[in-house]
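Take a walk through this model, from overall build to single side chains. Keep the structure open as you read.

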Amino acid sequence: MTVTDATGSTLGTCLSTSAALLNHSCNPNCIFIFSGASLSIRSLQPIPAGGELTISYTDITAPSHRRQIDLKSMYYFDCACEYCTQKLTCGMPDVPAALNNGQPSAKILDLEEEGERLQISAENATSEEKFKLLDEAMKLFGSYKSIYPLWRYPWPSIRNEMRLLQWSLDHWSVAAVHALKAYFFIDPVLYPIPWHPVRIQRVFVFLKLLHELQYQIFASTDNGHEIERDLKRYSINWLSVNKGLEQEIEAAIPKAFGTDSSFAEEYRRLPKSESPERYGLRMDWAGERAKLEKAAGELET
């Protein structure tokens, strides 16, 4: 199984004979959480006494035909779970039901394959070449967004890689808009449980990015990118945003990770935002969240 750090980044692999006893489901009721050298199993939904504990052996955000291929090639079985038989991804149809009677059309499969090819080609490329390949993939999916949802594999992972690349290049505002789109339009679909560990890990990374972005916007040092200027149009109170995200994370930690987990410790080490009231500003997370969602829907990357 894959070993991850507190933020979900891959560290390596390990073997646990006890954890290996858990069976697979494309709609698992449990998830593995690593905390240092310790492995815990966290439930994602109420499980009746005597109920089976299940995890996912593959990427649950991939469409059913892709999951079937992966499970057959790696674990030598055909999955007959509800999500596979009904062709669902995270509870949603693999493709909008109105398109081709819910079956992936040749065009959708071609887009999926081409996106995968570009993503794989970008893995060992230089930063410049990686940007070109990921940008090509983003534009490819963007030109067909009427039939290819933002949340459909592999677009979310390509967007995430582009976010990380833009972050590494100090393009904070561009990276933030990618993160905003994931926060509002992708992660709630792929991880509908508000406190899902993967979703909260991404909120945490988003919060760290916003700490950088807040400074860059006030200092105007984000290479003068037009998205930075566009973000200013929304008059966002970043102190309220930061405090709101902190409250989301703090409320989720007990269920998602546990209060004594490495994630909880990592979060406690993060410098916390000052209260907006200290500067004569009203704390209005709902209002600022609405501004952010508007920006996420309107700004293009």
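What follows moves from the overall fold to charged pairs, then to backbone details.

This is a predicted model: local features need pLDDT of at least 70, side-chain atom pairs count only at pLDDT 80 or more, and totals for chains, interfaces and linings use all residues. Residues are numbered from 1 along each chain as its sequence is written, and side-chain values use heavy atoms, with hydrogens and water left out.

Start with the fold. The protein has 11 helices and eight strands. Its radius of gyration is 20 Å, close to the 19 Å that the globule rule gives for 301 residues, so the protein is as compact as a globular protein of that length. The radius is taken over C-alpha atoms, and the rule is 2.2 Å times the number of residues to the power 0.38. Helices (H or I, at least four residues) and strands (E, at least two) are DSSP runs, numbered from the N terminus. The C-alpha trace spans about 60 × 45 × 40 Å along its principal axes.

Burial comes next. Buried means under 20% relative accessible area, exposed means over 50%, and partly exposed lies in between (1.4 Å probe, protein chains only). Of the 301 residues, 46% are buried. Contact means heavy atoms within 4.5 Å. Among contacts between residues at least 6 apart in sequence, 66% join residues at least 24 apart.

Now the charges. Side chains of opposite charge can pair when their charged atoms come close. A salt bridge is a side-chain nitrogen of Lys or Arg within 4 Å of a carboxyl oxygen of Asp or Glu. The whole structure holds 17 of these salt bridges. In one of them, Glu246 pairs with Lys243, with the closest N and O atoms 3.2 Å apart. Both residues sit in helix 9 (residues 238–256), three residues apart, so about one helical turn separates them. Glu246 is buried, at 1% relative accessible area.

Helix 11 (residues 285–298) carries another pair. Glu298 and Lys294 lie four residues apart there, about one turn of the helix. Their side chains form a salt bridge at 2.8 Å, N to O. Glu298 is partly exposed at 41%, and Lys294 is partly exposed at 45%.

Asp284 and Arg282 also form a salt bridge, at 3.5 Å from N to O. How accessible is Asp284? Asp284 is partly exposed, with a relative accessible area of 24%. Arg282 is exposed, at 63%.

Charges can also link up in a group. Glu265, Glu266, Arg268 and Arg269 are joined in a network of salt bridges. Turn to helix 10 (residues 262–269), where Phe263, Ala264 and Tyr267 are buried. These three cover an arc of only 100° around the axis, which puts them on the same side of helix 10. The arc is that of the directions from the helix axis to the C-beta atoms.

What is the nearest side chain of opposite charge to Arg67? Arg67 is found in helix 1 (residues 64–75). Arg67 is buried yet has no salt bridge; the nearest side chain of opposite charge is Asp94, 4.6 Å away. Here Lys and Arg count as positive and Asp and Glu as negative, while His and the chain ends are not counted. A polar atom of the Arg67 side chain lies 2.7 Å from the backbone oxygen of Ala62. Leaving out residues up to four places away in sequence, Arg67 touches several residues, including Cys26, Asp59, Tyr83 and Leu88.

Asn237 sits in the loop between helix 8 (226–232) and helix 9. Asn237 is buried, at 12% relative accessibility. A polar atom of its side chain lies 3.2 Å from the backbone nitrogen of Leu239. Beyond four places in sequence, Asn237 touches Pro276, Leu281, Arg282 and Glu288.

Finish with the backbone. Most residues other than glycine have a negative phi, and most peptide bonds are trans. The peptide bond from Tyr153 to Pro154 is cis, with omega near -5°. Pro154 belongs to the loop between helix 4 (127–142) and helix 5 (155–168). Lys87 has a positive phi, near 55°. Lys87 lies in the loop between helix 2 (82–85) and strand 7 (88–89), and is partly exposed at 33%. Cys90 has a positive phi too, near 55°. Cys90 lies in the loop between strand 7 and strand 8 (92–93), and counts as buried at 12%.

How values were computed:
Polar contact = N/O pair within 3.5 Å; in protein donor to acceptor, adjacent residues only side chain to side chain.
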